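This briefing concerns the protein model shown below. Please consult the sequence and the coordinates alongside the text.

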Amino acid sequence: MDFGIFNLMNRRHRSQAPAEIIRDTVEQVQAAEAAGFATAWFTEHHFTNYSITPSPLLMVANVAPQTKTIKLGSAVVLPALYQPARLLGEVAFVDNLAGGRLILGLGAGYQAYELARFGLTLDEARGVTDEWAELLAAGLGQESVEFHGKHIDLPQTWFTTRTLQQPRPEIWIA
């Protein structure tokens, strides 16, 4: 059986500095790694004290050089909030920073309040996320990708950085 740690990184009191929460999270992940945990997960939330992390990929990039073996996962990236070429490039880059330890978790989101601030409804985010899963499965790890769907239109695009994991990191769907 594998164990993981889920890092919500909430800020319940204004007296808590974000830098303190980040430092404490890194220490908890390091302790989990030392205890033999398999994976550390990081969330994506916006405009709420529920979680201070607007990008799980940024937390993976921060924690990666401070750990050695624990896999680092996004729980979850909300792809409807991203531009296709940018997210593909960031995922590849972060997988390299993490030494091939990235697990890419995707989800549509569930808090209408957060999505509304980006001009999306829950239903729209679900449709976009389904298409994103198809694009990421086909495009990650490739030198180039072209994709034409209902929500995503990406002309042939070449990437200077491919994912370290081949054919690509594991993709988990929430």
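The points below cover the sheet, the helices, the core and the backbone geometry.

The model is predicted. Its 5-stranded open sheet has parallel pairing and the strand order β1-β2-β3-β4-β7. The largest nonpolar core comprises 40 residues.

**Sheet and hairpin**

- From one strand to the next, the twist averages 20°.
- Strands β2 and β3 run parallel and are joined by 4 bridges; within this pairing, A40 has L72 of β3 as its bridge partner.
- Strands of a sheet pair through backbone hydrogen bonds, in either a parallel or an antiparallel manner.
- The antiparallel case is found between β5 and β6 (residues 153-158), which are joined by 4 bridges.
- A hairpin of 4 residues leads from β5 to β6, and H148 stands opposite D153 in β6.

**Helix α2 and its packing**

- Helix α2 spans residues 56-63, and its buried residues are P56, L57, M59, V60 and V63.
- Viewed down the axis of α2, these buried residues fall within an arc of 160°, so they line one face of the helix.
- The cover over the buried residues of α2 includes α1 (18-34), β2 (39-42), β3 (71-74), α3 (84-97) and β4 (102-106).
- The axes of α1 and α2 come within 11 Å and cross at roughly 65°, and the crossing is right-handed.
- On the α1 side the contact is made by I22, T25, V26 and V29, and on the α2 side by M59, N62 and V63.

**Nonpolar core**

- Within the largest nonpolar core, the residues with the most contacts are F42, L72, L88 and W132.
- Two or more residues come from each of α1, β2, α2, α3, β4, α5 (122-139) and β5 (144-148).
- Helix α5 gives the most to this core, with 5 residues.
- Beyond its neighbours within four places in sequence, W132 is in contact with P79, A80, Y82, Q83, P84, L87 and I152.

**Surroundings of L106**

- L106 lies in strand β4, and its relative accessible area of 0% places it among the buried residues, for which the limit is under 20%.
- Apart from neighbours within four places in sequence, the contacts of L106 are V76, V77, P79, A133, L136, I171, W172, I173 and A174.
- Although L106 and A133 are 27 residues apart along the chain, their C-alpha atoms are separated by 7.7 Å.

**Backbone geometry in the loops**

- Most residues other than glycine have a negative phi, and most peptide bonds are trans.
- The peptide bond from A75 to V76 is cis, with omega near 5°; V76 belongs to the loop between β3 and α3.
- Q166 and P167 are likewise joined by a cis peptide bond, with omega of about 10°, and P167 is located in the loop between β6 and β7.
- M9, in the loop between β1 and α1, has a positive phi near 60°; M9 is buried, with a relative accessible area of 6%.
- F47, in the loop between β2 and α2, has a positive phi near 65°; F47 is partly exposed, with a relative accessible area of 47%.

How values were computed:
Residues are numbered from 1 along each chain as its sequence is written. This is a predicted model: local features need pLDDT of at least 70, side-chain atom pairs count only at pLDDT 80 or more; totals for chains, interfaces and linings use all residues. Side-chain values use heavy atoms; hydrogens and water are left out. Buried means under 20% relative accessible area, exposed over 50%, partly exposed in between (1.4 Å probe, protein chains only). The arc is that of the directions from the helix axis to the C-beta atoms. Contact means heavy atoms within 4.5 Å. A nonpolar core is a set of buried Ala, Val, Leu, Ile, Met, Phe, Trp, Tyr and Cys residues joined through side-chain atoms within 4.5 Å. Two strands pair if DSSP finds at least two bridges between them. Axes are lines fitted to C-alpha atoms, for helices over the stretch in contact, and angles run from 0 to 180 degrees between N-to-C directions. A crossing is left-handed if the near helix is turned anticlockwise from the far one by less than a right angle, and right-handed if clockwise.
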